[in-house]
Amino acid sequence: MTTNNDIKNKNESTQNSASIDLKHIKQREICAAGEGWMAEVKQGQTLRIVDTKGNQAVDTLFISCADTAERYSATDTLAQNQKLFLEKGSQLFTNKGRVIATITDDTCGRHDTLGGACSCESNTVRYAHDTYPMHSCRNNFMHTIATHPIAQKYDLTLRNVGPNINFFMNVPITPDGSLAFDDGISAPGKYVDITAHMDMIVLISNCPQLNNPCNGYNPTPIELVIYE
């Protein structure tokens with residue numbers, strides 16, 4: 001079950017989220033380790049994702065509120081930005097070639113959009129058959145879409161799930177062109193700001209992966225702040 005706790009007191013927030021003027025904050029929540037999260041972010045608003053403990057991968061999807069068939073596209077984003085990794089200033093494009101959001105601030109350095117989301121099936125291929133029952137980001141996406149009121153409001157289904165961004169995740173390209181899942185380059189309190197260019201739905205899996213170092217083999221909570 002997804003467990004998200006509203007943070008109602010400034011003293012409960014991290015240092016980086018507390019730096020935002022309280023009167024500009026529209027929503028602030030903690031997403032527990034290994035859980036899913038969903039919210040609406042209006043055009044002009046900014047979503048801040050805070051890596052509270054460091055070395056935590058955050059699998060993220062963006063979907064247009066106006067047309068849920070329009071969503072974040074990894075291929076369009078890489079082609080338009082002419083970069084393999086996402087960083088401050090990167091524009092995030094949809095499958096219709098429009099900008100859905102921009103990374104407007106980033107204290108981590110770079111983010112992955114090649115590695116995709118872990119699943120029961122990919123765990124068995126990458127690690128061992130007995131990892132199949134382990135929780136995964138694909139499971140989080142499916143559960144959140146099946147149960148969250150925003151997903152029901154927009155009639156979201158698995159058709160709305162596509163290639164995602166892995167914020168804070170370190171996936172370097174090896175000399176032979178393969179992807180490596182390495183230790184993260186983030187640290188406690190690092191954050192990324194994503195400013196919406198259109199009303200959008202944000203779907204997050206706070207990655208539960210235990211078989212590679214993307215979470216330091218120990219998934220931890222993240223903080224989500226929507227502000228104007």
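Biologist: What does Glu 87 count as: buried, partly exposed or exposed?

Modeller: This is a predicted model, where local features need pLDDT of at least 70 and side-chain atom pairs count only at pLDDT 80 or more, while totals for chains, interfaces and linings use all residues. Residues are numbered from 1 along each chain as its sequence is written, and side-chain values use heavy atoms, leaving out hydrogens and water. Buried is under 20% relative accessible area, exposed is over 50%, and partly exposed is in between (1.4 Å probe, protein chains only). Glu 87 comes out at 26% relative accessibility, so this residue counts as partly exposed.

Biologist: Okay, and which side chain does Glu 87 meet in a salt bridge?

Modeller: By a salt bridge I mean a side-chain nitrogen of Lys or Arg within 4 Å of a carboxyl oxygen of Asp or Glu. The partner of Glu 87 sits 2.4 Å away, N to O.

Biologist: How many salt bridges does the structure hold?

Modeller: For the structure, the number of salt bridges is 7.

Biologist: How many residues apart are Lys 96 and Asp 67?

Modeller: Helices (H or I, at least four residues) and strands (E, at least two) are DSSP runs, numbered from the N terminus. Lys 96 is in the loop between E6 and strand E7 (99-106), and Asp 67 is in the loop between E5 and H2. Lys 96 is partly exposed because its relative accessible area is 49%, and Asp 67, at 26%, is partly exposed too. The pair links distant parts of the chain, 29 residues apart.

Biologist: Which side chain meets Arg 98 in a salt bridge?

Modeller: The N to O distance for that one is 2.9 Å. Arg 98 lies in the loop between E6 and E7 and its partner in the loop between E5 and H2, so the pair ties together parts that are 28 residues apart in sequence.

Biologist: Where does Gln 82 lie?

Modeller: Gln 82 has a positive phi of about 55° although it is not a glycine. With a relative accessible area of 67%, Gln 82 is exposed. Its place is in the loop between helix H2 (74-81) and strand E6 (91-93).

Biologist: Asn 55 isn't a glycine either, so what is its phi?

Modeller: Asn 55 is in the loop between strand E4 (46-51) and strand E5 (58-64). Asn 55 is buried, because its relative accessible area is 17%. The phi of Asn 55 is positive, at about 60°.

Biologist: How many disulfides does the count come to?

Modeller: A disulfide is a pair of cysteine sulfur atoms within 2.5 Å. Cys 214 counts as buried because its relative accessibility is 3%, and Cys 108 is buried as well, at 12%. For Cys 214, the nearest cysteine sulfur is that of Cys 207, 4.2 Å away, and Cys 214 is in no disulfide. The count comes to 0.
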